[in-house]
Structures are given as C-alpha cells and as structure tokens.
Amino acid sequence: MLTKDELPECPVATTVQLIGNKWKLLIIRNLLGKTQRFTDFVKTIPGISKKVLTDNLRALESDGLIEREVFAEVPPRVEYSLSALGKTLKPILDAMWDWGTGYKAAL
C-alpha cells in the first residue's frame with residue numbers, strides 16, 4: 001500500500017492512480033455484485049490475460065481495495081471480495097454506469 005506521501009496531491013489523480021485502468025474498474029465492477037474466484041474474472045472480463053488479471057488483483061489487494069481469502073482445500077480455493085474501503089467505490093462506478101448509459105442513449 002502506498003503511503004500518503006507517495007500519492008498525488010490531487011484527490012482525482014489519487015483515484016485515477018488506484019482504479020484508473022480498465023481492468024481494475026472491471027474487476028471492481030464484478031466484485032460489487034458478489035465474491036469471485038479467479039476463473040470467474042477470466043470468464044466475465046473478455047480480453048484479460050491471466051498475467052494481467054493476477055497483476056491487477058495483487059495491486060488492488062496491496063492498495064487495500066480487495067481482500068483475498070485462501071481456503072485450505074485440495075485443490076486450493078481462492079476467493080476475492082471488496083474490502084470495506086473498496087465498497088466505498090460503488091457510487092463512483094454507479095455514476096460511471098449512469099453516464100455511459102446516457103451517452104449510449106444520446107448517440
């Protein structure tokens with residue numbers, strides 16, 4: 001997790017740094033609905049490679065936005081969910097959804 005000093009001064013730039021790529025936004029979108037496993041993301045996010053997915057999941061976890069739970073089973077099961085902090089992103093994604101819907105309707 002980055003320290004306050006490592007983050008940009010501008011709050012918008014901070015938000016963009018944390019969730020500003022399409023993969024992170026789509027991962028968070030999926031987690032707003034329910035807990036997901038790795039294969040769920042692969043199935044529901046077209047075009048994402050396993051490496052890119054892994055890198056983005058690790059970054060989101062490191063930033064405190066998602067939680068990773070490993071179950072001691074054979075084979076091991078790993079589930080991802082939004083952290084309490086990650087859930088506070090819901091209004092941002094809802095606004096993006098509304099804007100995108102309006103934009104498409106205006107075309």
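**Note on the predicted model**

1. The accessible surface of the protein chain amounts to about 7400 Å², and carbon and sulfur atoms contribute 60% of that area. The structure is a predicted model. Of the chain's 107 residues, 27% count as buried, and the C-alpha trace spans about 50 × 40 × 25 Å along its principal axes.

2. The protein chain contains 6 helices and 3 strands. Followed along the sequence, these elements give the pattern α-α-β-α-α-β-β-α-α. Among contacts with a separation of 6 or more, 45% are between residues 24 or more positions apart.

3. The 3 strands form an open sheet in the order 1-3-2, with antiparallel pairing. Strand 1 (36-37) and strand 2 (66-71) are at the edges; each has a single partner strand, so one side of each lacks a neighbour in the sheet.

4. Strand 2 and strand 3 (residues 77-82) run antiparallel and are joined by 6 bridges. Phenylalanine 71 has arginine 77, in strand 3, as its bridge partner. Helix 2 (residues 22-33) packs on the sheet and touches strand 1, strand 2 and strand 3. The direction of helix 2 makes about 90° with that of strand 3.

5. Trp99, Tyr103 and Leu107 make a nonpolar surface patch of about 440 Å². Of these residues, tyrosine 103 lies in helix 6 (residues 90-106). Tyrosine 103 counts as partly exposed because its relative accessibility is 44%, a value in between the limits of 20% for buried and 50% for exposed.

Definitions and conventions. Residues numbered from 1 in each chain as written. Predicted model: local features only at pLDDT ≥ 70, side-chain atom pairs only at ≥ 80, totals over all residues. Heavy atoms only, no water. Patch = residues over 30% accessible without salt bridge, like charges linked within 9 Å, V, L, I, M, F, W, Y side chains within 5 Å. Areas by Shrake-Rupley, 256 points an atom, 1.4 Å probe, with all protein chains shown as cover. Salt bridge = Lys/Arg side-chain N within 4 Å of Asp/Glu carboxyl O. Helix = DSSP H or I, 4+ residues; strand = E, 2+ residues; numbered from the N terminus. Buried < 20%, exposed > 50% of the residue type's maximum accessible area, 1.4 Å probe, protein only. Pairing = 2+ DSSP bridges. Contact = heavy atoms within 4.5 Å. Axes fitted to C-alpha atoms, helices over the stretch in contact; angles between N-to-C directions.
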